[in-house]
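Please look over the sequence and the model below. My notes follow as numbered points.

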Amino acid sequence: MKIIYKPRTFLSTIERAKPIHLEEKLKSFRNNKEAWMWANNLKGKVLYILDWNDPINCVEEGDGSTIKLIQVMLLDTNEPKQGTVIQPE
């Protein structure tokens with residue numbers, strides 16, 4: 001995980017890259033299987049998260065001059081596996 005600060009003007013670069021808006025993407029899946037396939041296809045890829053709830057990314061609360069991106073690499077998902085049984089200790 002890495003935190004990256006960019007000037008607020010970088011938002012135009014992000015929009016040109018056609019970012020994924022997670023809330024909208026999740027609504028597009030017809031079933032859980034489609035959602036897990038999409039998530040599993042992201043394994044090993046670098047992702048950038050822009051959290052609009054973070055005060056620095058909110059013009060009203062932050063100074064509005066920068067944005068904060070969180071760079072992550074998805075290594076695995078928490079997809080439930082059939083036949084997996086967790087035994088209590």
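1. β1 (2-7), α1 (10-16), α2 (22-28), α3 (32-41), β2 (46-50) and β3 each contribute at least two residues to the lining of the largest pocket. Helices (H or I, at least four residues) and strands (E, at least two) are DSSP runs, numbered from the N terminus. The model is predicted: local features need pLDDT of at least 70, side-chain atom pairs count only at pLDDT 80 or more, and totals for chains, interfaces and linings use all residues. Residues are numbered from 1 along each chain as its sequence is written, and side-chain values use heavy atoms, with hydrogens and water left out.

2. The largest pocket holds about 1000 Å³ of space. On a 1 Å grid over the protein atoms alone, a pocket is an open set of points where a 1.4 Å probe fits, with protein on both sides within 12 Å along at least five of seven lines; lining residues have an atom within 4 Å of a point. Grid points are joined across faces, edges and corners, and the volume is the space filled by probe spheres set on the points. Of the 30 lining residues, I20, L22, Y48, I49 and L50 are the closest to the centre of the largest pocket.

3. K68 is in strand β3 (residues 66-73). Is K68 buried or exposed? K68 is buried, because its relative accessible area is 18% (buried means under 20%, exposed over 50%, partly exposed in between, with a 1.4 Å probe and protein chains only). Beyond its neighbours within four places in sequence, K68 is in contact with residues including I3, Y5, I49 and D54 (contact means heavy atoms within 4.5 Å).

4. The side chains of K68 and D54 make a polar contact at 2.6 Å. A polar contact is a pair of N or O atoms within 3.5 Å; within protein, one must be able to donate a hydrogen and the other to accept it, and residues adjacent in sequence count only if both atoms are side-chain atoms. D54 lies in the loop between β2 and β3 and is buried at 15% relative accessibility. A polar atom of the D54 side chain lies 3.0 Å from the backbone nitrogen of I56.

5. I14 belongs to helix α1 and is buried, with a relative accessible area of 17%. Leaving aside neighbours within four places in sequence, I14 is in contact with P19, I67 and L69. I14 and Y48 are 34 residues apart along the chain, and their C-alpha atoms are separated by 10.0 Å.
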